Amino acid sequence: MLPAEKALVQRLEKKPFALVAVNSDPVAKLPQILADNGITWRQAVEGSTTGKIPAQWNVTAWPTIYVIDHEGV
């Protein structure tokens with residue numbers, strides 16, 4: 001997924017667009033993981049595959065992708 005996400009962020013960088021990831025990586029290792037992989041977009045950090053964020057968004061598999069338009073739909 002990373003190559004496609006990077007391309008999307010790059011292609012839409014001048015548009016009203018945001019990519020937000022729900023990240024399950026260990027919190028202590030996250031800065032290095034993001035740097036090593038060139039990940040520049042926002043991260044909602046849970047630190048595991050369970051917890052409040054995955055539950056609220058009904059994330060049952062990794063990765064899960066939601067596309068939300070400018071009206072929040």
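A: Helices and strands are DSSP runs, numbered from the N terminus. With that in hand, the elements of this chain run α-β-α-β-α from the N terminus on. The chain comes to three helices and two strands. Keep in mind that this is a predicted model.

Q: What are the spans of the C-alpha trace along its principal axes?

A: The trace spans about 30 × 30 × 15 Å. Then look at how the chain meets itself. Take the contacts between residues at least 6 apart in sequence: 32% of them join residues at least 24 apart.

Q: What share of the residues is buried?

A: The cut-off for buried is under 20% relative accessible area. Buried residues make up 15% of the 73 residues in the chain.

Q: Which residues make up the largest nonpolar core?

A: The general idea comes first. In soluble globular proteins, nonpolar side chains tend to be buried together. Here the largest nonpolar core has six residues: Val 9, Ala 21, Leu 30, Leu 34, Ile 39 and Trp 41. Setting aside residues up to four places away in sequence, Trp 41 touches Leu 2, Glu 5, Lys 6, Val 9, Leu 19 and Ala 21.

Q: Which elements supply the lining, and how do its residues divide?

A: Helix 1 (2-11), strand 1 (20-23), helix 2 (30-37) and strand 2 (42-45) each supply at least two lining residues. By type, the lining divides into 25 nonpolar, six polar and three charged residues.

Q: Where is Val 20, and which residues does Val 20 touch?

A: Val 20 sits in strand 1. Not counting residues up to four places away in sequence, Val 20 touches Arg 42 and Ala 44. Now compare sequence with space. Val 20 and Tyr 66 are 46 residues apart in sequence, and their C-alpha atoms are 9.7 Å apart.

Q: Is Asn 37 buried, partly exposed or exposed?

A: Asn 37 counts as partly exposed, because its relative accessibility is 29% and the range for that class runs between 20% and 50%. Asn 37 lies in helix 2. Beyond its neighbours within four places in sequence, Asn 37 is in contact with Leu 2 and Lys 6. The C-alpha atoms of Asn 37 and Lys 6 are separated by 9.8 Å, though the two residues are 31 apart along the chain.

Q: What should I look for in the backbone?

A: Look for exceptions. Most residues other than glycine have a negative phi, and most peptide bonds are trans. Asn 58 has a positive phi, near 55°. Asn 58 is in the segment after helix 3, and is exposed, with a relative accessible area of 55%. The peptide bond from Trp 62 to Pro 63 is cis, with omega near 0°. Pro 63 also lies in the segment after helix 3 (52-56).

Notes: Residues numbered from 1 in each chain as written. Predicted model: local features only at pLDDT ≥ 70, side-chain atom pairs only at ≥ 80, totals over all residues. Heavy atoms only, no water. Helix = DSSP H or I, 4+ residues; strand = E, 2+ residues; numbered from the N terminus. Nonpolar A, V, L, I, M, F, W, Y, C, P; charged D, E, K, R; others polar. Contact = heavy atoms within 4.5 Å. Core = buried A, V, L, I, M, F, W, Y, C linked by side-chain atoms within 4.5 Å. Buried < 20%, exposed > 50% of the residue type's maximum accessible area, 1.4 Å probe, protein only.
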